[in-house]
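Here is a short report on one protein model.

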Amino acid sequence: DRGSITVSTLQGQLGASIASIGPEPTVVEYGGLGKRMALYRLPAAGAGPREYAFSLPLDSLRPGDNPIYVRVVQEDGHMAWSSPVYLVRE
């Protein structure tokens, strides 16, 4: 938990002390097509939940098709995305 990390790119820089990095991401947005960097600590192996439930407020749907995706970050850092579920607002 000692030291620090800094990542520098042409778009910007993200840095933090190792001790301050937790499971909630520190995010720097770079605009464009959702370009961003996120810095967070992965949970200890086997420490993450096996089931998860959530609610999604639907008050900001646009008229027409609204694709909804679910992204999962596994404890080893691998990510998976669902196929879109389309909600249509008349």
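## Confidence

Strand 1 (residues 4-8) has the highest confidence in the protein, at a mean of 93. Confidence is lowest in strand 6, at 85. The score is pLDDT, the predictor's confidence in each residue, from 0 to 100. Strands are DSSP runs (E, at least two residues), numbered from the N terminus. The protein's mean pLDDT is 87, and 99% of its residues reach 70 or more.

This is a predicted model: local features need pLDDT of at least 70, side-chain atom pairs count only at pLDDT 80 or more, and totals for chains, interfaces and linings use all residues. Residues are numbered from 1 along each chain as its sequence is written, and side-chain values use heavy atoms, leaving out hydrogens and water.

## The largest pocket

The largest pocket holds about 990 Å³ of space. A pocket is an open set of points on a 1 Å grid over the protein atoms alone, where a 1.4 Å probe fits, with protein on both sides within 12 Å along at least five of seven lines; lining residues have an atom within 4 Å of a point. The volume is the space filled by probe spheres set on the points, which are joined across faces, edges and corners.

The lining has 24 residues; closest to the centre are Tyr52, Arg71, Val72, Val73 and Gln74. Strand 4 (36-39) and strand 6 (71-73) each supply at least two lining residues.

## Asparagine 66

Asparagine 66 sits in strand 5 (residues 64-68). Its relative accessible area is 4%, so it is buried (under 20%, with a 1.4 Å probe and protein chains only). Its side chain reaches the backbone oxygen of arginine 62 at 2.8 Å.

How values were computed: Helices (H or I, at least four residues) and strands (E, at least two) are DSSP runs, numbered from the N terminus. Buried means under 20% relative accessible area, exposed over 50%, partly exposed in between (1.4 Å probe, protein chains only). A polar contact is a pair of N or O atoms within 3.5 Å; within protein, one must be able to donate a hydrogen and the other to accept it, and residues adjacent in sequence count only if both atoms are side-chain atoms.
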